[in-house]
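Trainee: I have a structure to study and some questions ready. Can we go through them one by one?

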Amino acid sequence: MSDGADHLAEVSGHIAEAARATGRSPADVTLVAVSKTHSADRVRELLDVGHRVFGENRVQEGEGKFPELKAAYPDLELHLIGPLQTNKARDAVALFDVIQSVDRDRLAAALVKEMEKLGRRPACYIQVNTGEEPQKAGILPKDLDAFVALCRDQYKLPVVGLMCIPPVDEEPALHFALLAKMAARNGLAKLSMGMSADYETAVRMGATHVRVGSALFGARPPLQPAP
Ligand SMILES: *Cc1c(COP(=O)(O)O)cnc(C)c1O
């Protein structure tokens, strides 16, 4: 087995254990394999052993890697998990099956427009800045309910859930609990929360999707400045 396949088995095992520990079925948790900075060949290692759900945080990087893979594996499901600029809305709708980073009115409006034009309706998550960090994307918790209503009722966006990235220096469980509460209050079934360091906690707190990169693919090279 490849390293990737080994790590996949290990992470999947931990997810299953965390799910069962809280009386949930492991099948209710989807592992989004975050392949940013890693090559299409690393993605193929996981496709070879049956994994189908992947995440990228930049539209352009996804476009470089995934069209060919999606042609070869029609059931591949690609999630956009990084901040989305309004002028990339069309490209995002064209490539991604799920967009997890909807966080403002202008972006929501651009997405609906492109969905209508392209005849594709990727499922949407609203990203919540649960730590209210000024540098971080996501809608503030106090603005969430009105924004969900706007997206669902006015724009008719296919909103299915919420996503968050807790502050690095805080207890993630508090943020996961807050996100779960906000989703329940808004009647949203999906919760994207938990990364390599805390995905088991997230599963115990109700995550339906965990986004795991380095625990599957190894450490990433240091961040490059955006082009
Ligand atoms: C990179 C990234 C991840 C995965 O992070 P790891 O710590 O490598 O698991 C998850 N979510 C988002 C939004 C990311 O950008």
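Trainee: Is Glu132 buried or exposed?

Mentor: This is a predicted model, and Glu132 sits in its loop between S5 and H6. The cut-off for exposed is over 50% relative accessible area. Glu132 has 52% relative accessibility, so Glu132 counts as exposed.

Trainee: What is the phi of Glu132?

Mentor: Most residues other than glycine have a negative phi. Glu132 is not a glycine, yet its phi is positive, at about 50°.

Trainee: Which class does Thr37 fall in, by relative accessible area?

Mentor: Thr37 is in the loop between strand S1 (30–34) and H2. Its phi is positive too, near 70°, and Thr37 is not a glycine. Buried needs under 20% and exposed needs over 50%. Thr37 has 38%, so its class is partly exposed.

Trainee: Back to the loop between S5 and H6. Which side chain joins that of Thr130 in a polar contact?

Mentor: Thr130 lies in the loop between strand S5 (123–127) and helix H6 (141–154). Thr130 is buried, because its relative accessible area is 7%. Leaving aside neighbours within four places in sequence, its contacts include Pro141, Cys164, Leu178 and His175. The polar contact, at 2.9 Å, is with the side chain of His175.

Trainee: How far apart in space are Thr130 and His38, C-alpha to C-alpha?

Mentor: In sequence, 92 residues separate Thr130 and His38. In space, C-alpha to C-alpha, the distance is 28 Å.

Trainee: What is the relative accessibility of Cys151?

Mentor: Buried means under 20%. Cys151 counts as buried because its relative accessibility is 0%. Cys164 is also buried, and its value is 0%.

Trainee: Which side chain makes a polar contact with the side chain of Asp103?

Mentor: Asp103 is in the loop between strand S4 (98–102) and helix H5 (105–118). Asp103 counts as buried, because its relative accessibility is 13%. Residues up to four places away in sequence not counted, Asp103 touches Gln127, Ala137, Gly138, Ile139 and Phe147. The polar contact, at 2.8 Å, is with the side chain of Arg104.

Trainee: Now helix H3. Where does its kink lie?

Mentor: H3 covers residues 59–72 and reaches 20 Å from its first C-alpha to its last, close to the 20 Å expected. Its buried residues include Val59, Leu69 and Phe66. The buried residues of H3 pack against H2, S2, S3 and H4. The kink is about 45°, shortly before the proline Pro67, and lies at Phe66.

Trainee: Last, the ligand. Which residue has a polar side-chain atom 2.7 Å from an oxygen atom of the ligand?

Mentor: The residues surrounding the ligand include Asn57, Ile165, Arg211, Gly213, Ser214 and Lys36. Gly213 has a backbone N or O atom 2.8 Å from a ligand oxygen atom. Ser214 also has a backbone N or O atom 2.8 Å from a ligand oxygen atom. The polar side-chain atom at 2.7 Å belongs to Lys36.

Note on methods
Residues numbered from 1 in each chain as written. Predicted model: local features only at pLDDT ≥ 70, side-chain atom pairs only at ≥ 80, totals over all residues. Heavy atoms only, no water. Buried < 20%, exposed > 50% of the residue type's maximum accessible area, 1.4 Å probe, protein only. Helix = DSSP H or I, 4+ residues; strand = E, 2+ residues; numbered from the N terminus. Contact = heavy atoms within 4.5 Å. Polar contact = N/O pair within 3.5 Å; in protein donor to acceptor, adjacent residues only side chain to side chain. Expected span 1.5 Å × (residues − 1). Bend = angle between axes of the 7 residues up to and from the residue. Near = heavy atom within 4 Å.
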